[in-house]
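This briefing goes through a few side-chain arrangements, grouped by topic, for reading alongside the model.

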Amino acid sequence: MFRFNKTIFAFAAFVLLGLANAASTNAAPLVFNSRTTFNAAAPNTTTIDFGSSNIDYANSLTNFAPVTFAGGADHQVGVKTGSNFGLVDNYALVSNTNTPGQFNVDNIVITMPVGTRAVGFDIKCGSSTQVPGMCAGSYEIYVNGTLASTVASTQFNSFEFFGYTSDVDITSIAIRALSGGEPIIDNFSHNASAAPEPVPEPATIALFGTGLAGLASFVRKRRRSNGVGDDSEEEEPAR
């Protein structure tokens, strides 16, 4: 019986450890609104500035491997410059659609290489209004399929920064227009280096320890009820 109880104890400890590790990987990504702060939290990033030449619109761009930029539903992506984008002499990635006014669908979908734990980029609206230098664009940013930020961009000639770090791999970024024109992004930074294993949160560790203590108490009571001492094993029956 004692050997059987030890097996139960080891199995339960293994299960609890797995639950603790799973709980530690469910944290939402940290959001940064400052590139300086992001760079301090995620050193050694690689930045894509989209070069210095136009790239025609396509369903998917592999020019910037290992990162892939693609259009969402009925969208394409390309690298453009010019006053129509509020970007004179500066190239950036923009999406395009044959269905004007199509909102609440992904405009840009970005696939990240394995091991990416940090992503940051500049974003702006892509349609000007009657007021020079102004635009009205609202965009949602999804990290691994979950909404992480909502951007309200009003400056046609300047960008806002958004960055994310995570204790699990960031596999995808999706940008969805809610209003305004197509989103435009630039200076796309990422870090695909291997990250350290996540450390369980204090509450998870406490729960794990409580579970082990309760299980140990249960095993001791069972052993006493069966007449087995703390430091001895049951003797095999005489033959």
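**Rings, a charge and a buried serine**

The charged end of Lys80 is placed over the ring of Tyr57, at 4.8 Å from the ring centre. The model is a predicted one, and Tyr57 is also among the residues in contact with Ser95. Seven aromatic pairs are found in the structure.

**Aromatic pairs**

- Phe50 and Phe64 form an edge-to-face pair, with 5.2 Å from centre to centre and 80° between the planes.
- Because Phe50 lies in the loop between strand S2 (46–48) and strand S3 (55–58), while Phe64 lies in the loop between strand S4 (60–61) and strand S5 (68–71), this pair ties together parts that are 14 residues apart in sequence.
- Phe50 is buried, at a relative accessible area of 1%, and Phe64 is likewise buried, at 14%.
- The ring of Phe64 also pairs with that of Phe69: their centres are 5.9 Å apart and their planes stand at 85°, so this pair too is edge-to-face, and both residues are buried.
- Ring pairs join Phe50, Phe64 and Phe69 with Phe121 and Phe188 in a cluster.

- Ser95 belongs to strand S7, which covers residues 87–97, and counts as buried because its relative accessibility is 2%, where the cut-off for buried is under 20%.
- The side chain of Ser95 makes a polar contact, at 2.3 Å, with the side chain of Glu182.
- Apart from neighbours within four places in sequence, Ser95 is in contact with Tyr57, His75, Gln76, Val77, Asn107, Ile108, Glu182 and Pro183.

How values were computed
Residues numbered from 1 in each chain as written. Predicted model: local features only at pLDDT ≥ 70, side-chain atom pairs only at ≥ 80, totals over all residues. Heavy atoms only, no water. Helix = DSSP H or I, 4+ residues; strand = E, 2+ residues; numbered from the N terminus. Buried < 20%, exposed > 50% of the residue type's maximum accessible area, 1.4 Å probe, protein only. Polar contact = N/O pair within 3.5 Å; in protein donor to acceptor, adjacent residues only side chain to side chain. Contact = heavy atoms within 4.5 Å. Phe/Tyr/Trp six-rings, centres within 6.5 Å; stacked < 30°, edge-to-face > 60°. Lys NZ or Arg CZ within 6 Å of the ring centre and 35° of its normal.
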